[in-house]
Amino acid sequence: MDQGDPIVVRGLNHWFGNGDARKQAVFDVSMRVKRGSLTILMGPSGSGKTTVLTLMGCLRDVQDGSVNLLGEELNGASEQSQVMLRRQLGFIFQAHNLHDSLSARQNVLMGLQVHGKGDDAAQERAADHMLDLVGLADRRTYLPGNLSGGQKQRVAIARALVSNPQIVFADEPTAALDKQSGQTVVEMLAALGEQRSTTTLMVTHDNRILDLADRIVTLEDGRIVSDTAPV
Amino acid sequence: MTALLSRLLGRIPIGWLQLTHSKSRLTVALAGVAFANVLVFVQLGISGGLNQTINLSYQPIQADIIISSSDANTLSDGSPVARQRMFQALSVPGVAQATPLYLALTDWVREDGGSTSLQVYGFPPEAGNFVNPLYADRLPDLRLPSTALLDRQSRGVSFEDDDLPTLNAPLEAELGGVAMDIIGTFSIGAGFSADGNLLVSDQTFLRLFAQRSAGTPSHILVRAEPGYDLTSLSERISTAISSDAVIVRPLQEAIASDVSYQTTERPTGLIFGFGVVMGAIVGVVIVYQVLSTDVADHLREYATFKAMGYKQRFFLGLVFEEAVIMAVLGFIPGVLISLGIYAGMAAATGLPIEMDLPRAASVLVGTIVACALSGAIATRRLAAADPADLF
């Protein structure tokens, strides 16, 4: 095994519900994700891609199988160690989930303050720099209510990346964006990944961005049915 | 404010920003907290007024020990005491002086047609040592038949400073059908059981209340020799009297017992106490409603923070931040409105209803505790903020 691989999944199974309603959603999934790569998880609705993403992102407890994230085994990991691991990750959601009463800068700062109180000025510089990178230097003090959908998503990306996470998990980050904005967002993720060796795992249905991925994993009925590099 | 809170909290003051982001919700929340504060303050004000009037009712009396009927829960109720108890008490070593005290209520129909109920205190004129030094020197004047000192703070009574009744220029009054001369004044104020007070000699008292007899005063007042422990002296007097019909206590103990009885066993005291509890509950419910709605409205954002690695205590801190801000900001209008209500109630009733610092401070602390309690209940909804649901 390559010790550098940030995500290693082996024989992962997952069920939802209890008793007669118990239903298996993920079947014997195994995969390995290389550092700095952009991997896209595809598949129809209900194929289990989001479940796999949340299991890898330690947002759900692993029931069966193994998920090794940044060298830590998640099966049986304590809540505390999962919280500490999450601080090394970045999450971008389909909905931006920005806090409506915080400015763009304050929302981005939340991605830094989770690590504790630091030098306020340095944190603000880092947040401003990140907003510069996503093209929102002139919108730092804007509340989310005064930003367009694309701008909000870019703030969410800045928030996810400002702490320089080792892995970014993104769920349909372009779903609410027009083609141009979607393209820009994914190009930005790919470029930042390249610059910072950030590993990105993205769930998407958006065929327009597939050519930006290093690898495309397709799931159906909870199983990996293809694992390819784009042509 | 945001910068100040940032410094205090060491993080972005999300609670403050969240509250001020929705001005209408903040206004409703503060109005709710202020309303609850006013409810509590009004109840405490009246309750405090009750306590104060009980204490004031003892103001004319100067004594170390009081001998009362065993069924007398307050100064003005209970059966009379046989005057022979006074002589029995005087035989106990350590007792310096004793005097009977006569108490009863009467009505004064004023010249303007209004009526003022008066608590009448009857002292022997030679018992100046048992009367408040502020007006004890007037006691000998009361030897004149049908003369009295009137409480100038009695409800419905008003005198200009240069128009006060004196011995040479008395105010004629008819009390309970008996013509009286008011030859001076003193100050106590209205209470819950009477509009004011009147000080008379024992003989005038018996003229006013023909059904009462000199041999059965309301209480016996005792002065102790210097250096005697009042509790043990009371016990010795009680032993000497040897009767279950009376209770012998240091005066301060009797006052405390009176306050306790009237505030915890009489319906009025219980109602005020209940009102305080109700006010607190209203405050908790209002703040809980606001915080709970606020948490519910921000579940996705909180779940996002959870996904980012924020711990539960961060969210608890955030909700408590909101609770404390609401408590403090709601308290300010609450205390200002209450001050206005106090002034109105005091003017309308003549009762000593006043705001004091300990009461204001305790209500502020209580408000913060109640809001924090509401916050603690509201944080249960945070459990619903599951980051896995965001995907």
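Student: Which residue of S4(A) stands opposite Val9(A)?

Tutor: In this predicted model, Val67(A) stands opposite Val9(A). Val8(A) has its own counterpart in S4(A), namely Asn68(A).

Student: What makes S1 and S4 of chain A a pair of strands?

Tutor: Pairing takes at least two bridges between two strands. S1(A), residues 7-16, and S4(A), residues 64-69, are joined by five bridges. Therefore they meet the cut-off and count as paired. They run antiparallel.

Student: How do you know that S4(A) and S5(A) pair?

Tutor: Two bridges link them, in the antiparallel sense. In S5(A), Glu73(A) is the bridge partner of Asn68(A).

Student: How many residues lie between the strands in that hairpin?

Tutor: The hairpin of S4(A) and S5(A) has two residues between its strands. Leu70(A) takes a positive phi there, near 50°.

Student: Why are S2(A) and S5(A) called edge strands?

Tutor: The order of the open four-stranded sheet is S2-S1-S4-S5 in chain A, with antiparallel pairing. Strand S2 (23-33) and strand S5 (72-73) each pair on one side only. That is what makes them the edges.

Student: Which strands does helix H1 of chain A lie across?

Tutor: H1(A), residues 49-56, lies across S1, S2 and S4 of chain A. Its angle to S1(A) is about 120°.

Student: How do you know that chain B touches chain A?

Tutor: Contact requires C-beta atoms within 7 Å. By that test, 20 residues of chain B are in contact with 24 residues of chain A. Helix H2 (14-21) and helix H9 (299-308) of chain B each supply at least two residues of chain B's side. H9(B) gives the largest share, six residues. By class, chain B's side has eleven nonpolar, five polar and four charged residues.

Student: What makes a set of residues a nonpolar core?

Tutor: Its members are buried nonpolar residues joined through C-beta atoms within 7 Å. The largest such core here has 110 residues. Leu41(A), Val33(B) and Val287(B) have the most contacts inside it. Helix H3 of chain B, residues 23-57, supplies its largest share, 14 residues.

Student: Which residues is Val287(B) in contact with, leaving aside neighbours within four places in sequence?

Tutor: Among them are Ala29(B), Val33(B), Ala323(B), Met326(B) and Cys371(B). Gly32(B), Ala370(B) and Ser374(B) are also in contact with Val287(B).

Student: How many residues are in the other core?

Tutor: That core lies apart from the largest one and has 49 residues, including Ile65(B), Val95(B), Trp108(B) and Leu118(B).

Notes:
Residues are numbered from 1 along each chain as its sequence is written. Chains are lettered from A and ligands numbered from 1 in the order in which they are written. This is a predicted model: local features need pLDDT of at least 70, side-chain atom pairs count only at pLDDT 80 or more; totals for chains, interfaces and linings use all residues. Two residues are in contact if their C-beta atoms, placed from the backbone, lie within 7 Å. Ala, Val, Leu, Ile, Met, Phe, Trp, Tyr, Cys and Pro count as nonpolar, Asp, Glu, Lys and Arg as charged, and the others, Gly among them, as polar. A residue is buried if 20 or more other C-beta atoms lie within 10 Å of its own, exposed if 12 or fewer, and partly exposed in between; C-beta atoms are placed from the backbone. Axes are lines fitted to C-alpha atoms, for helices over the stretch in contact, and angles run from 0 to 180 degrees between N-to-C directions.
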